[in-house]
Amino acid sequence: QTCALPISPLFVDETITTPLAIESMPGQFRYPVSGIAEVAAELWKRGVRAILIFGIPKDKDPFGCSAYHPEGVVQQAVSRVKAEVKEMVVITDVCACEYTDHGHCGIVGDTRCGPDLLNDPSLELMNKIAISHAENGADIVAPSCMLDGMVGSIRAALDDAGFEDVLIMSYSTKFASALYGPFREAADSGFTYGDRTTYQIHPGNSREAILESQMDADEGADILMVKPAGFYLDILAEIATLGLPVAAYQVSGEYAMIKCAAAHGWIREKETVLESLTSIKRAGAALIITYFAGDVARWLDEKQ
Ligand code: PBG
Ligand code: ZN
């Protein structure tokens with residue numbers, strides 16, 4: 001098989017009633033809560049066996065409270081998908097940047113270096129988000145906030161709440177990349193000030209990249225992740241030697257580059273996509289999160 005298990009990201013928007021095209025990601029949409037089970041069912045039919053859900057809530061505040069609301073957007077989406085596409089593996093993004101009005105990934109406050117993420121108060125928030133996703137049936141939670149100690153903290157919180165069998169796929173090695181631009185439109189998660197360089201890894205720092213994944217493995221992660229994928233295959237190959245399954249996230253900017261060049265007729269889309277995913281797999285990915293998941297599952301099926 002050309003591809004490791006393709007996982008499809010899905011954006012669920014609590015404020016809409018019909019699908020909304022994401023301009024910077026041609027072919028991708030935000031879906032209303034009411035339509036999400038149908039989208040998941042269609043992906044299942046095409047051969048996709050796992051989805052990664054992101055939510056766009058109707059309310060944002062400084063503390064990201066809507067992220068753990070019992071009837072929040074992700075909570076509703078997860079329970080609808082699990083009710084209607086029972087075997088679909090549902091993964092949820094655990095982060096606060098879609099839910100905070102300032103757009104940062106957790107709770108912000110004054111530090112010695114100016115306003116920044118407050119690590120430990122933000123961990124409490126992540127614990128609550130992860131538990132509420134598990135309560136609604138998430139199979140795997142995927143913390144992407146890059147807080148120190150996030151995996152250990154969420155593992156303990158899930159276990160205490162009786163969710164020992166919910167897995168943690170950690171965004172363990174997440175670079176401060178220019179390739180997340182389209183996602184920030186897709187998920188409405190752009191920040192109003194500052195940037196994420198205090199909690200995401202500098203692209204040149206391979207030592208820290210490995211260390212971050214090693215630390216998450218030690219804290220009890222079940223699956224590690226490298227993000228973005230295509231520019232970081234050397235890192236992916238090294239992290240694959242740590243012993244845990246590694247997911248690679250082909251991010252929004254990687255998708256947009258291929259889509260845009262293909263739309264101009266400058267490259268061939270299908271060949272380019274399959275080559276990119278083959279390379280990611282060759283480097284050692286066991287799982288690939290890609291916006292091409294639906295297409296790829298179909299293309300691979302046609303070949304059989
Ligand atoms: C935020 C988050 C981001 C992505 C996934 N989760 C963006 C960011 O860090 O700003 C990016 C995914 C993509 O670009 O496709 N926690
Ligand atoms: Zn975030």
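Predicted model: local features only at pLDDT ≥ 70, side-chain atom pairs only at ≥ 80, totals over all residues.
Residues are numbered from 1 along each chain as its sequence is written, chains are lettered from A and ligands numbered from 1 in the order in which they are written, and side-chain values use heavy atoms, with hydrogens and water left out.

Now to H8 itself, which runs over residues 252-263. Helices here are DSSP runs of H or I with at least four residues, strands are runs of E with at least two, and both are numbered from the N terminus. Nine of the twelve residues of H8 are buried, so the helix is largely enclosed by the rest of the structure. Among the buried ones are Ser252, Tyr255 and Lys259. Their cover includes helix H5 (181-186), strand S12 (246-250) and helix H9 (269-283), where contact means heavy atoms within 4.5 Å. Just after H8, Gly265 takes a positive phi of about 80°.

Ser252 also leads us to ligand 1. It is one of the residues that come nearest to that ligand, along with Arg184, Gln200, Lys227 and Tyr291, out of 17 around it; to be counted as near, a residue needs a heavy atom within 4 Å. A polar side-chain atom of Ser252 sits 2.7 Å from an oxygen atom of ligand 1.

Next comes the zinc ion, ligand 2. Its protein donors are the SG atoms of Cys95, Cys97 and Cys105, lying 2.3 Å from it. Donors are N, O and S atoms within 2.8 Å of the metal (3.2 Å for Na, K and Ca); water is not among the atoms, so sites may look incomplete. Along the chain, the spacing is C-x1-C-x7-C. Cys95 is buried at 1% relative accessible area, and Cys97 is buried at 7%.

Finally, look at Asp13, in strand S1 (residues 5-13). Asp13 is buried, with a relative accessible area of 1%. Its side chain reaches the backbone nitrogen of Thr15 at 2.7 Å.

Conventions
Buried < 20%, exposed > 50% of the residue type's maximum accessible area, 1.4 Å probe, protein only. Expected span 1.5 Å × (residues − 1). Polar contact = N/O pair within 3.5 Å; in protein donor to acceptor, adjacent residues only side chain to side chain.
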